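Q: Could you take a close look at the ligand site in this one? I'd like to know what surrounds the ligand and how the protein holds on to it.

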Amino acid sequence: MNILSPSILSADFTRLGEEIMTVEGAGARYLHIDVMDGRFVPSISFGMPVIASIRKASKIIFDVHLMIEEPVRYIDDFVKAGADIITIHLEACSDVKATLRKIHDGGVKAGLSIKPKTPVESLLPYLEEVDMILIMSVEPGFGGQKYIEDSTERIRLVRAMLTEKGLDTDLEVDGGIHLDNVELVLQAGANVIVAGSAIFGANTEERAVSFMEKLSQRGVSHE
Ligand code: DX5
Ligand code: ZN
């Protein structure tokens, strides 16, 4: 099943609750929550208190993308704050398997992400251990960047690697996704679509509904 995961990084934080209700009302099943530490990526975003606060406002699935060094240190805190899926970066962990195990021990789903320059083959040892793979289609750190074209081929390769192993794992794509390239990534095999600047801003409801229409028409069913 194709799922829309709007990234609140581009939302209006003075009206965060309303923004979440708008995308949820339009049919988004996940809410993408980008946590940045100023070390793994140059920027700093927000952390546990914001997540715990919006947890009270919505039951939507919290898809938490940790762009932080050694995320294993904070898994329990993010579980407590209300995360439903925690995605870590392969490049940020000294022990990827132990970090994934810690996420599962917390009773939530585990995702594994790679940056655009990390070879897709580096995911191979972990495919059986994850509920979702996240392919970054921009360098992580900021919203509003341009989609890196060779991400399409990387999505295709990862979907083929999963299929080869008989896995129907969710495949998420994040960065530079707009209404005019979403079909491309769906066709390549992604089924969880992150979009920040293409959704939040003016006409949020209309834009989220347009994304949902594209998601319901295209792509292979992975559920
Ligand atoms: C970037 C974040 C993204 C970001 C996407 O590091 O991981 O989730 O919010 O923003 P857009 O959709 O504007 O590229
Ligand atoms: Zn993200």
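**Around ligand 1**

A: Strand β2 is the top contributor to the shell around ligand 1, giving three residues. Keep in mind that this is a predicted model. β2 covers 30–36, and along with β3 (61–67) and β8 (192–195) it belongs to the strands that each put at least two residues into that shell. Altogether, 20 residues surround ligand 1, and the closest are Asp34, Gly141, Asp174, Gly176 and Ser197. By type, the shell splits into 10 polar, eight nonpolar and two charged residues.

Now for the polar contacts. Asp34, already on the list of closest residues, has a polar side-chain atom 2.7 Å from an oxygen atom of ligand 1. His32 also points a polar side-chain atom at a ligand oxygen, with 3.4 Å between them. Gly196 does its part through the backbone: one of its N or O atoms lies 2.8 Å from an oxygen atom of ligand 1. As for cover, ligand 1 has 380 Å² of accessible area on its own, and the protein covers 99% of it.

Along the principal axes, its C-alpha atoms fill a box of roughly 40 × 35 × 30 Å.

Technical notes: Residues numbered from 1 in each chain as written. Chains lettered and ligands numbered in written order. Predicted model: local features only at pLDDT ≥ 70, side-chain atom pairs only at ≥ 80, totals over all residues. Heavy atoms only, no water. Near = heavy atom within 4 Å. Polar contact = N/O pair within 3.5 Å; in protein donor to acceptor, adjacent residues only side chain to side chain. Areas by Shrake-Rupley, 256 points an atom, 1.4 Å probe, with all protein chains shown as cover. Helix = DSSP H or I, 4+ residues; strand = E, 2+ residues; numbered from the N terminus. Nonpolar A, V, L, I, M, F, W, Y, C, P; charged D, E, K, R; others polar.
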